[in-house]
Amino acid sequence: MSRKELFARVLDYFSRTMEATETELDYGSPFQLLVAVVLSAQCTDKRINMVTPRLFADYPTAEAMAEASPETLYEYIKSVSYPNSKARHLAGLSRALARQFGGEIPQTLEELTSLPGVGRKTANVVMAVAYGKAALAVDTHVFRVSHRLGLVPEAADTPYKVEMALRKYIPESQVAASHYWLLLHGRYTCTARAPKCDKCGLAELCKNYRPQ
């Protein structure tokens with residue numbers, strides 16, 4: 001099977017078995033989405049959704065959050081992973097947004113990654129979800145599933161290389177959806193430990209699958 005045929009089969013399976021999905025993070029604006037994604041690094045969406053309601057109630061916009069100190073923001077997010085550094089990131093990116101972008105969330109990779117605490121993965125999520133752009137964020141789930149299904153070569157050993165390899169074969173119209181298909185498949189079925197191969201319609205394509 002050629003790689004093109006493999007991608008077609010995998011994408012057809014996901015499109016038939018998964019609804020059109022978005023992030024599982026709760027948010028009410030592009031700014032709140034950006035904050036939630038920054039907070040979600042190495043932390044569960046469930047935990048972030050427990051923390052953000054109070055944070056967003058008191059600091060709903062970049063301009064409002066720009067007035068808060070990292071110490072103040074820490075008290076809202078201290079139950080998430082790496083709260084000290086994330087509090088500094090939130091204060092810094094809010095001030096940068098207020099100062100450089102009039103409080104609006106930019107729509108380009110270059111502008112987004114110029115903000116404190118915003119890397120390529122976070123920028124891609126914001127571009128795809130908030131603005132509907134063909135952006136593909138590679139997290140640990142996307143990375144793992146892409147390798148197990150043979151969608152990317154073994155030499156694709158960084159998130160950037162995986163992103164570039166996936167983009168070669170995924171149609172523009174399916175790029176944003178493919179991120180969530182791969183992510184959710186990795187989160188709930190193709191898990192790092194004890195994957196649920198018996199519930200996976202793609203098991204026969206998987207390099208790790210060993211029939212019982």
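This is a predicted model: local features need pLDDT of at least 70, side-chain atom pairs count only at pLDDT 80 or more; totals for chains, interfaces and linings use all residues.
Residues are numbered from 1 along each chain as its sequence is written, and side-chain values use heavy atoms, with hydrogens and water left out.

**Fold and overall shape**
- The protein has eleven helices and zero strands, where helices (H or I, at least four residues) and strands (E, at least two) are DSSP runs numbered from the N terminus.
- Along the principal axes, the C-alpha atoms fill a box of roughly 55 × 30 × 30 Å.
- Among contacts (heavy atoms within 4.5 Å) with a separation of 6 or more, 62% come from residues 24 or more positions apart.

**Burial, surface and charge**
- Buried residues account for 48% of the 212; buried means under 20% relative accessible area, exposed over 50%, and partly exposed in between, with a 1.4 Å probe and protein chains only.
- The accessible surface (Shrake-Rupley, 1.4 Å probe; for residues, only the protein chains shown count as cover) is about 10700 Å², with 51% of that belonging to carbon and sulfur atoms.
- There are 26 positive and 22 negative side chains, and the centres of the two sets sit 7 Å apart. Lys and Arg count as positive and Asp and Glu as negative, leaving out His and the chain ends, and each charge is placed at NZ of Lys, CZ of Arg, CG of Asp or CD of Glu.

**Cysteines**
- Searching the whole structure turns up zero disulfides (pairs of cysteine sulfur atoms within 2.5 Å).
- Cys197 is in no disulfide, and its nearest cysteine sulfur, in Cys206, is 6.0 Å away; Cys197 is partly exposed at 26% relative accessibility.
- For Cys200, the closest cysteine sulfur is that of Cys190 at 6.5 Å, too far for a bond, and Cys200 is buried at 16% relative accessibility.

**Positive phi values**
- Most residues other than glycine have a negative phi.
- Tyr82 has a positive phi near 50°; Tyr82 lies in the loop between helix H5 (70-77) and helix H6 (83-100), and is exposed at 52% relative accessibility.
- Ala194 also has a positive phi, near 50°; Ala194 is in the segment after helix H11 (175-188), exposed at 64% relative accessibility.
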